[in-house]
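Please keep the sequence and the structure in view while reading.

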Amino acid sequence: MLKLLFADEKGQVFEHPELVALVRGGVPLEAPAPLPGHASLSVLPGRRPVGFDPATGRAVELSEVRVGRRTLKPNAVAAVLPPGWTRTELPAFRKLAIAPLLPQWAYTAAAWDDERQCHVAWALHTDRRTHWDPATHSTPDLSGLIQERLAGDDNPLLRQLAKCALEYRCFTAQNTFYVRDEGAIPASSGCNARCVGCISEQPEEGPPASHQRIVRAPGAEEMARIGLAHLSRAPGRTMVSFGQGCEGEPLTRAREIAQAIHLMRQATPRGSININTNGSLPQNLALLIDAGLDACRISLNSAHKPLYEAYYQPVNYGWEEVEECVLLAHRRGVYTALNLLSFPGVTDQEGEAEKLCALVSRARVDQVQARSLAIDPDQYAAVADRHAAGGPRIGVPELLRRLKRARKGLVVGNFARALHERRPGYI
């Protein structure tokens, strides 16, 4: 039996002796997986758990529960997954009138499995490569590595990356100081979108942003110094990426980034240069490709114009420019990935799946990075209920299967691919 989880006011998690776990929308479409290593259970304040009572055959809200000698007003519980995993179901709960907006995490349905005697979560292991393993990040020696690097380099951008590495525990920023794999180059303090779930800038009435946006946009030489040091020395999947969680949209600074790419490529041909972008400015993306950009990851929550624009709230661009950027990247021979911000119950609607499959097929996309959208579920549902393409749910696993059928050779994962990983047949 998969038992309902709930938490007390101190955050201690319990399993209910009788109630069965449900997911948002009712009965889950697929079986859960054992809670992955480095995952955590998160309390959802102001939200009562909802489970299934086998005795009555009905879904019930758990408004009060007895634990030992205590009577609790329980809170709902969700899992937060580590990198490499994609959720397939959302937690079931009833939101109270005074409930706060939830911090920006990707909340995943979870339960206690009586048979396996472990916590479980409704999620898929979509990228099994280990170089983003949390055990190899935030290590005890990181602070020393950062201090040593800063002592020999007064680059202001390096100080920003140190903040991201230590305070926000950004793995890409940490890689800059570990000198390995994919390193970060923040580029922009401004943005031309107002995403509902933006992690670096929120309105006063929104949830607290999980990152503080970079205050000063760096110059081309500052960016090039960071990138060149990484490209010339880093082993493994050597790559630098413009566009990080602590910034706005890098395509708005295309001229400075193009100059930085020129400076890097004048000094070394080694490694890959990637941009993480909202795909808003095709002409600017073309400028970066001319300069030597070889990989592009375009973020989207949907390939359906009404839902995309309702969530991104674009300024002086629209869905048509995003689609053009995806087509342009492939046309110019750039490794093209979609950063799919998925949300069970919306992204896996029949209508949404059809739009995504059509885009992947038409643009000959190389990779779909199946990420879980980090947002309060009710906040996103308020947008999607009015703007999504609709249709019955097919489930996240079936969505990913259809995407693979839409584009022969499509890679589904969570992380960017280095140069040597882009050959046909590489998993």
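## A pair of strands

β4 and strand β9, which covers residues 76-80, pair in the antiparallel sense over five bridges, and two strands are said to pair if DSSP finds at least two bridges between them. Strands here are DSSP runs of E with at least two residues, while helices are runs of H or I with at least four, and they are numbered from the N terminus. Within this pairing, A76 of β9 is the bridge partner of L44.

This is a predicted model, in which local features need pLDDT of at least 70 and side-chain atom pairs count only at pLDDT 80 or more, whereas totals for chains, interfaces and linings use all residues. Residues are numbered from 1 along each chain as its sequence is written, and side-chain values use heavy atoms, with hydrogens and water left out.

## The sheet as a whole

β9 also pairs with β12 in the antiparallel sense, over two bridges, and here A79 stands opposite T108 of β12. Together the three strands form an open antiparallel sheet in the order β4-β9-β12. Because β4 (40-44) and β12 (107-108) stand at the edges with a single partner strand each, one side of each is left without a neighbour in the sheet.

How many residues of β9 are buried? Five of its five residues are buried, where buried means under 20% relative accessible area, exposed means over 50%, and partly exposed lies in between (1.4 Å probe, protein chains only). In a regular strand the side chains alternate between the two faces of the sheet. In β9, A76, A78 and V80 lie on one side and V77 and A79 on the other, and both faces are covered.

## Salt bridges

The structure holds 30 salt bridges, each defined as a side-chain nitrogen of Lys or Arg within 4 Å of a carboxyl oxygen of Asp or Glu. One of them joins D378 and R24, with the closest N and O atoms 2.9 Å apart. This pair links distant parts of the chain, 354 residues apart, since D378 is in helix α10 (residues 377-387) and R24 is in the loop between β2 (13-21) and β3 (33-34). D378 is partly exposed at 21% relative accessibility, and R24 is partly exposed at 28%.

## A linked network

D127, R129, R237, R417 and E421 are linked in a network of salt bridges. In the bridge between D127 and R129, the closest N and O atoms are 3.2 Å apart; D127 is buried at 4% relative accessible area, and R129 is buried at 13%. E421 and R237 meet at 2.6 Å, N to O, and both are buried.
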